[in-house]
Amino acid sequence: MELTQAIETRHSIRKYQAKQIQREDLEKVINAGLRAPNAGGRQGSFIIGIHDRELTEKIGKLNIANFDRSKLLGGYVSDEQPSIIDDPTIKSGFYGAPSVCVIFGPKDFLYSVADAFCCAENMVLMATSLGLGSCIIARGEETFDNPDGEKLLSQWQIPEGYVALCFVLLGYVDGNLPSEKKLHEGRFKIV
């Protein structure tokens, strides 16, 4: 798939089949993330790939456990691919994705968030090119700020001073891809 096609056809997917993705595809997605632009060539992002549907479901519940709806700017995302913003009955912030990548970065580095989201963008574009559905999810630090989350971080031997910044959900799309959203007018200028 050409890069332009991947960019134009990528969608945030929130409905996944139970079928697990191939480990080789997970490795390709992670490799794409590791090759993302990063501040000063520092390569500070650290990725944990979770290829275990039961574990992704557990972490997805931790992700939504303390979700504060009062901080939302809007209350609607999609009818075709509803989010936790649209449907408060959704109990997992990972929407049943069978694989999830957690992107970590140094807690006190000014550009950690930017680096993590560049990493995530590369990953979702690679996922699209492989025929996988994907979605970038925030609330990384909050997900692991509890005894269960801290236990997982310890088991994974996350480097000292690193925090979870975002997630990339991966799986096969359940149903049809969502229809293409029209781009809002007036979002750029060339001067």
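Helix α2 (residues 23-34) packs against helix α4 (residues 112-129) at an angle of about 145°, with the axes 7 Å apart. This is a predicted model: local features need pLDDT of at least 70, side-chain atom pairs count only at pLDDT 80 or more, and totals for chains, interfaces and linings use all residues. Residues are numbered from 1 along each chain as its sequence is written, and side-chain values use heavy atoms, with hydrogens and water left out.

Helices are DSSP runs (H or I, at least four residues). Axes are lines fitted to C-alpha atoms over the stretch in contact, and angles run from 0 to 180 degrees between N-to-C directions. Contact means heavy atoms within 4.5 Å.

| Helix | Residues in the α2–α4 contact |
|---|---|
| α2 | Lys 28, Val 29, Ile 30, Ala 32, Gly 33, Leu 34 |
| α4 | Cys 119, Asn 122, Met 123, Met 126, Ala 127 |

The residues of this contact comprise eight nonpolar, two polar and one charged. Ala, Val, Leu, Ile, Met, Phe, Trp, Tyr, Cys and Pro count as nonpolar, Asp, Glu, Lys and Arg as charged, and the others, Gly among them, as polar.

The side chains of Arg 23 and Glu 27 meet at 3.1 Å, N to O. The cut-off is a side-chain nitrogen of Lys or Arg within 4 Å of a carboxyl oxygen of Asp or Glu. Arg 23 and Glu 27 are four residues apart in α2, so about one helical turn separates them. The whole structure has two salt bridges.

How values were computed. Helices (H or I, at least four residues) and strands (E, at least two) are DSSP runs, numbered from the N terminus.
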